Amino acid sequence: MYDVAVIPGDGIGNEVVEAVEPLLVDVADAYGVDVGTTWFDWGSQRYLDEGALMPDDGLDRLEGFDAILLGAVGHPEVPDHVTLRGLRLPITKGFQQHVCKRPAYLFEGVESPLRGYEGGDIDFVVYRQNTEGEYADVGGREHQGFDNELAVQASVFTREGTEKLLRPAFEAATERSGHLTNVTKSNAQAHGMVFWDDMVAEVSEEYPDVEVERLLVDAASMDMVRRPDEFDVLVASNLFGDILTDIGGGIMGSLGLAPSTNIDPDGTYPSMFEPVHGSAFDIMGEGVANPLATVLSGSLMFEHLGEDAAAEALWDGVAAQLADAGAPRTADIGGAAATVAVTDDLRDRLV
Ligand code: NAI
Ligand code: MG
């Protein structure tokens, strides 16, 4: 029996998690995997009512779970830095979730905004450092409102945090095509990013079969549009990985298809699974959000838990549904179906 903490959060996070959670539980059950879920109503409404997105002992309450399923946080009436720093970042940092693994895959039946790519042509995975870098909460503001006002936002790179991201990425590259792209900006960031490059070079010595390509992040962004089929495994800092994986979502046809993981590579703490997308103010409350990024995140959760049959069933079920021109699909990928129509159809296919 796996105990999964479910935090739907805000906006479409609620809509997709409410639709997907029962599907994950039922598909797991069909493959002999027993899953129990506990829901937490943490998020921006709690902040507006009680002054905090989660309780002071939030991490203690989550620590005993086997995994966490998150929707998204973000509310039109709460500043974005408050929501992100009030829930997602304390969990990823507190639970040592150094590895944010984000696959980008163009499914058959989905149209990429890029010309000439068929199903399977785009197939890469970004390993994003998830606990430090540009998202380290180090800095400050001084002299607010005066002419000499200043702000400092420091990037932090540690040997531990970098290595813990790089090893799983090199392992993945070994299992995949043996090609890894190091996305960096060491020309302009001569301290943190040169250290990053040094760490990539050091860890690469343990993986002589992996060929390492180095790209500056600006060129990598352009190449992700120009030649996405040539990427396989990428490593990137927290900010660069964040940005590149939205490009990944875009070129795979929709952010509504892009899954994400936040993994503690040591397994000391629960890992967290969530779609790449946020709470999507522009469509929230309409019941039209694409639930498939969350289904695929559930698949990655079962893969992480070692339940490969359930993981594959979910992934393959999504692929089969997308390849079926008659199946319901949401507006972001050219359909007009509601969120629940998509998960109901998946249930019919899988359970
Ligand atoms: P967003 O990812 O919520 O939306 C970007 C665009 O993609 C919107 O046009 C939206 O309608 C579309 N989209 C996203 N997911 C979709 C889905 N499942 N189906 C159909 N269309 C989808 O990013 P945005 O608008 O920049 O941020 C909104 C809020 O979400 C902000 O408060 C932001 O801070 C927060 N956010 C939270 C994240 C998290 O909790 N991990 C990640 C990204 C943003
Ligand atoms: Mg993002």
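This tour goes from a ligand to a helix and then to a loop residue.

The model is predicted: local features need pLDDT of at least 70, side-chain atom pairs count only at pLDDT 80 or more, and totals for chains, interfaces and linings use all residues. Residues are numbered from 1 along each chain as its sequence is written, chains are lettered from A and ligands numbered from 1 in the order written, and side-chain values use heavy atoms, without hydrogens and water.

**Stop one: ligand 1.** Select ligand 1 and the 20 residues that surround it, each with a heavy atom within 4 Å of the ligand. Asp80, Gly278, Ala280, Asp282 and Asn290 are the closest. Now pick out Asp80: a polar side-chain atom lies 2.6 Å from an oxygen atom of the ligand. At Val73, a backbone N or O atom lies 2.9 Å from a ligand oxygen.

**Stop two: helix α5.** Select residues 159-175, the 17 residues of helix α5. Helices here are DSSP runs (H or I, at least four residues), and strands are E runs of at least two, numbered from the N terminus.

**Stop three: Asp137.** Go to the loop between β5 and β6 (139-142) and select Asp137. Asp137 counts as exposed because its relative accessibility is 52%, and exposed means over 50%.

Key
A polar contact is a pair of N or O atoms within 3.5 Å; within protein, one must be able to donate a hydrogen and the other to accept it, and residues adjacent in sequence count only if both atoms are side-chain atoms. The expected span of a helix is 1.5 Å times one less than its number of residues. Buried means under 20% relative accessible area, exposed over 50%, partly exposed in between (1.4 Å probe, protein chains only).
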